[in-house]
Amino acid sequence: MVVSNTSPLLYLAALGDFELLRDLFSKIVIPRAVFREIAAGGADLPIARSVQGAMASWLSVKDVATAAETERFLKAGLHPGESEAIVLAVELGSEALLMDDSDGIKAAAAVGANVIRTPGIYRLAKQRGFVTAVRPKLDDLRKAGFWLRDEHYRMILETVGE
């Protein structure tokens, strides 16, 4: 089971790869704040449709148990979704936290969370045989507005033999 912030869900839905999450991780949990961010975006967006479709089976919404911990991350400048995702990942002992924001990643790493960014989801998908190539996925991410440094782009492709 993994916990996800909004960004990986958004990009995977936009690229038509939302089901990769189920294939790779079986169960995804999102905090209430992430669900609110998705709902605020509108029901007609790919992410909202994807989340609603997955809710009955492999995606669930969960409230954090310790609001004080969430408040600590909010005071440090993180958004509500990031803050709750980090706290929930720790509370649930999740195998990974899906997140892209660099400040959120630093905060998550500081509390011991295993963070996987969206490009890392595609790397993992190739390693497990769910996609045949990562380069077109990374290119599509960039076209969709995902910021990926050239050195990280090359490093990811090198690790998957492309």
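This is a predicted model: local features need pLDDT of at least 70, side-chain atom pairs count only at pLDDT 80 or more; totals for chains, interfaces and linings use all residues.
1. Strand E2 spans residues 28–31. From this strand, Ile28 and Ile30 point one way, while Val29 and Pro31 point the other. All of these residues are buried.

2. Strand E2 is joined to strand E1 (residues 2–4) by two bridges, and the two strands run parallel. Within this pairing, Val3 stands opposite Val29 in E2.

3. Strand E2 is also joined to strand E3 (residues 59–62), here by four bridges, and this pair runs parallel as well. The bridge partner of Ile28 in E3 is Leu59.

4. Two packed helices are described by the angle between their axes and the distance between the axes. For helix H1 (residues 6–14) and helix H4 (residues 46–54), the axes come within 8 Å and cross at roughly 100 degrees. Angles of 65 to 115 degrees count as roughly perpendicular, and H1 and H4 are therefore roughly perpendicular to each other.

5. The contact of H1 with H4 involves Thr6, Leu9, Leu10, Ala13 and Ala14 on the H1 side, and Pro46, Ile47 and Ser50 on the H4 side. Six of the contact residues are nonpolar, two are polar and none is charged.

6. Helix H6 covers residues 80–92, which makes 13 residues. From first C-alpha to last, H6 reaches 18 Å, close to the 18 Å expected at 1.5 Å a residue. Its buried residues are Gly81, Glu82, Ser83, Glu84, Ala85, Ile86, Val87, Leu88 and Ala89.

Definitions and conventions:
Residues are numbered from 1 along each chain as its sequence is written. Side-chain values use heavy atoms; hydrogens and water are left out. The expected span of a helix is 1.5 Å times one less than its number of residues. Buried means under 20% relative accessible area, exposed over 50%, partly exposed in between (1.4 Å probe, protein chains only). Two strands pair if DSSP finds at least two bridges between them. Axes are lines fitted to C-alpha atoms, for helices over the stretch in contact, and angles run from 0 to 180 degrees between N-to-C directions. Angles under 35 degrees count as roughly parallel, over 145 as roughly antiparallel, 65 to 115 as roughly perpendicular and the rest as oblique. Contact means heavy atoms within 4.5 Å. Ala, Val, Leu, Ile, Met, Phe, Trp, Tyr, Cys and Pro count as nonpolar, Asp, Glu, Lys and Arg as charged, and the others, Gly among them, as polar.
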